[in-house]
Amino acid sequence: MTGSARGTAEALGRNLAQKAGLNRSILDTAPAGYLNMLRYKAEEAGAEFLEAKTRELKPSQRCPDCGAVRKKTLAERHHDCDCGCRLGRDEAAALVLLRWELAQLRHCQNEETINPVGTVGDQAAA
């Protein structure tokens, strides 16, 4: 979203002022700073912090039951899949993320042990 407005020095892109204002608003929210603070607080509390790569996972377009990906417009507020899964779009996305996180934790448990405080560490460290 914070990319170029696609223009040249001679012919500026369309809606340049609106795009600049939107970019400023997005960057003012400081999403990277917020995530860094969450990581720090999770580490401080001894909790595990998992960050899903949503561009690859596509939680709002993926079915939580069968995993099929279907492109949806923002106006589509319900998830209806051929497998029979019918949920609200946000609920379906939350289930996709929850299942991804549980799979990540299972993967970590297979390779490492979970310490009593909830942090993941090597067996040698436990």
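Modeller: Before we start, buried means under 20% relative accessible area, exposed means over 50%, and partly exposed is what lies in between, with a 1.4 Å probe and protein chains only. This is a predicted model, in which local features need pLDDT of at least 70 and side-chain atom pairs count only at pLDDT 80 or more, while totals for chains, interfaces and linings use all residues. Residues are numbered from 1 along each chain as its sequence is written, and side-chain values use heavy atoms, with hydrogens and water left out.

Biologist: Why is Ala-68 called partly exposed?

Modeller: Its relative accessibility is 36%, and that value lies between 20% and 50%, so Ala-68 counts as partly exposed.

Biologist: Why is Cys-63 called buried?

Modeller: The relative accessible area of Cys-63 is 2%, which is under 20%, and therefore Cys-63 is buried.

Biologist: How do you know that Cys-63 is in no disulfide?

Modeller: A disulfide is a pair of cysteine sulfur atoms within 2.5 Å, and the structure holds 0 of them. For Cys-63 the nearest cysteine sulfur is that of Cys-83, 3.6 Å away, and because 3.6 Å is not within 2.5 Å, this pair does not count as a disulfide.

Biologist: And why is Cys-83 called partly exposed?

Modeller: Cys-83 has a relative accessible area of 42%, which again lies between 20% and 50%, so the term partly exposed applies to Cys-83.

Biologist: Which residues of helix 4 are buried, and what covers them?

Modeller: Arg-89, Ala-92, Ala-93 and Val-96 are buried in helix 4, and their cover includes helix 3, strand 1 and strand 2 (86–88).

Biologist: How does the span of helix 2 stand against the expected one?

Modeller: Helix 2 (residues 31–45) has 15 residues and reaches 21 Å from its first C-alpha to its last, close to the expected 21 Å. Just after helix 2, Gly-46 takes a positive phi of about 75°.

Terms used
Helices (H or I, at least four residues) and strands (E, at least two) are DSSP runs, numbered from the N terminus. The expected span of a helix is 1.5 Å times one less than its number of residues. Contact means heavy atoms within 4.5 Å.
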